[in-house]
Amino acid sequence: MGSHLVRGVISVPSGVVTALVEAGKEDMLLSSQSRIRVMEGAKDNLPDQAAQAAAQEIHTLANGLQDGDLLVVLISGGGSALLPAPIAPVTLDEVMDVTRRMARAGASIVQLNAVRKQLEALKGGGLAEAAQPARVISLILSDVIGDPLDFIASGPTVPDRTTPEECLDLFAQLSIQDSIPESVKTLLTSTKSETQDQARSVDWSRVHNVLVGTNKIACEKAKETSDELGYQSIILSTEQEGEAREVSQMFATLASYISHLLVDGLSSGNNREEEIQKLERSLLVYPSLSVDKLKEIRQLAVRAKEMQRGVCIISGGETTVMVKGNGRGGRNQEMAVSAALELQRFLPASAQTDLTVQKQDSSTSKTCDEISPPSIVFLAAGTDGQDGPTPVAGAVVSPRFCEQAQSSGVNVIEFLDRNDSYNLLTQVDEGANLVVPGLTGTNVMDIQVLLVKPGV
Ligand SMILES: Nc1ncnc2c1ncn2[C@@H]1O[C@H](COP(=O)(O)OP(=O)(O)OP(=O)(O)O)[C@@H](O)[C@H]1O
Ligand SMILES: O=C(O)[C@H](O)CO
C-alpha cells in the first residue's frame, strides 16, 4: 500500500515479536519505520489490560476516520482476546469471569462469542460502526469450524444476529445464571430486544468481509501436494470435531480398512470381504464418514493397488481434549500418540505387543510374518505451528512408535493418561516424531494426514 498507508495499530499476542526474532523469522515483522504500531497483549490467550489498551487505540483510530478513508482490518483467531472493550458498567474482569464460567460449563466458541458480542463495544460489528463513514475491508483467517464470519474473533466488522435474551437463555441452559455478575445482567436487560445489527446504524454496503485463509484452503493445498507425489488422495472433512482420542480411533480404523484393501493376505480368503465390511460398519459411526465417502475411499484404494501407489487421507478441523492430568501436551500430539497405540497392530507379528493380525494355517496362504505389512504414517498438527501450550505443532507417527518408546524406556499409556503427550514425544527417539515448523504466521485450525502404502 506504500504511502497510501497513513497509520495503523495491530494487537498481537504477548511475546510474539521476540518469538519471531528468536525463530529467525524477522521477515514476518514490520520494519522499524512502519506507520503501524505494534501492541502486544492477551498473555495466554486471555484478554488483559494491555490488550484493552490496544483495543482503545484501534477504537480511536476507527472513530477518527472520514468519508473517503479506507480502513483495512486484518482478523485472525485469537482476535476476541486481543480486542476487548467492555461496555460499562461491565468491566474486563467481569467479561473474563463470565467467559471462564461458560467455558467451564462446556460452552462452544460460538456461544462464548455470542456473549462477548453483547458485552463489548468493538465486537459484533462494533468496529465497522466506529469506522463509519469510511469504507472497510476485512481480510479474515478463519479458525472456527464452518467459517462463520460473524463468530470468528467475534466478528468486529460483521453484522450480528445475536440478542441479549439469547445470552440470558444461554446462561440458564449452562446452569450458571446465578453466578453471573449483576452488571452483566443489567447490561443485557437494559438493551432493547433486538439484534445488534438492528441496533447499529451501519451502511453495510461499504463494508467488505473477505475470507483469505481457511482450513479448506490448507487441506486443498495439501491434496495438491499429495497428488503431485503420486498418492491417491482425498479430503475426508474440514470440519473434524470431537475428543482427540476418539478421532484417532477413526484414523486407525481407516488405516486398517485401507490396508485390507491394499495388501493381500491381511485376512484370509473369504474373510477379507467380511473384515472389510466389518470395518466399514465401524467407520460409519463417525460423522465425517458416509456410505458415499467410503465408496470413494474404496475406489481410491483399488486404483492405488493397481498402480502400486499409496492412499492419502487428508482431514482438518479442531478437536478437543478433556484435560484430566497435569501433563503438557496438545490435542494434535495426543491424537497422534493415541493413533500410534492403535496402529501397533500393523507391525510384523514378531514385533507386536498387541497382536491382532491373525496367523494363517493354510499352506497356500502366507503367514503373517511373510506378508509385508502396509507402510502407515499419521500426522496431526496445528496450522499455526503451536499445539496447545507447547512449542511444537504436533506429531507424526508410524506403527513403530510404541516400540521406539519402549526402547527409550517410556510407557506410552502412562504418559497419555496424564495428558503428557509433549513430554512423551520429546523423550522418544530424541523428539524425532515432533513436527516443529515454528510459528507459521497463519491459524486455520488443525490438519491430519494419513498415508497408507502397500508394504515392500
Ligand atoms: N496437556 C494437554 N494435553 C492435551 N491437550 C491439551 C493439554 N493442555 C491443553 N490442551 C488442549 O489445548 C487446547 C488449548 O490450547 P490453545 O490455547 O493453543 O488452543 P486454541 O486457542 O484453540 O489454539 P489455536 O490458537 O491453535 O486455535 C485445548 O483444546 C486443550 O484441550
Ligand atoms: O478469537 C476468537 O474468538 C476465537 O479464536 C475464534 O475466532
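I began with the network of salt bridges that links Glu273, Glu280 and Arg298, taking a salt bridge to be a side-chain nitrogen of Lys or Arg within 4 Å of a carboxyl oxygen of Asp or Glu. I noted that this is a predicted model, in which local features need pLDDT of at least 70 and side-chain atom pairs count only at pLDDT 80 or more, while totals for chains, interfaces and linings use all residues. Residues are numbered from 1 along each chain as its sequence is written, chains are lettered from A and ligands numbered from 1 in the order in which they are written, and side-chain values use heavy atoms, with hydrogens and water left out.

I then searched the whole structure and found 22 salt bridges. One of them joins the side chains of Lys117 and Asp160 at 2.9 Å, N to O; this pair links distant parts of the chain, 43 residues apart, with Lys117 in helix α5 (residues 109-119) and Asp160 in the loop between β4 (135-141) and α7 (164-173), where helices (H or I, at least four residues) and strands (E, at least two) are DSSP runs numbered from the N terminus. I looked up the burial of both, and Lys117 and Asp160 are buried, that is, under 20% relative accessible area, against exposed over 50% and partly exposed in between (1.4 Å probe, protein chains only).

I also looked up Glu224, which forms a salt bridge with Lys221, the closest N and O atoms being 3.2 Å apart. The two lie 3 residues apart in helix α10 (residues 215-228), so about one helical turn separates them, and Glu224 is partly exposed, at a relative accessible area of 40%.
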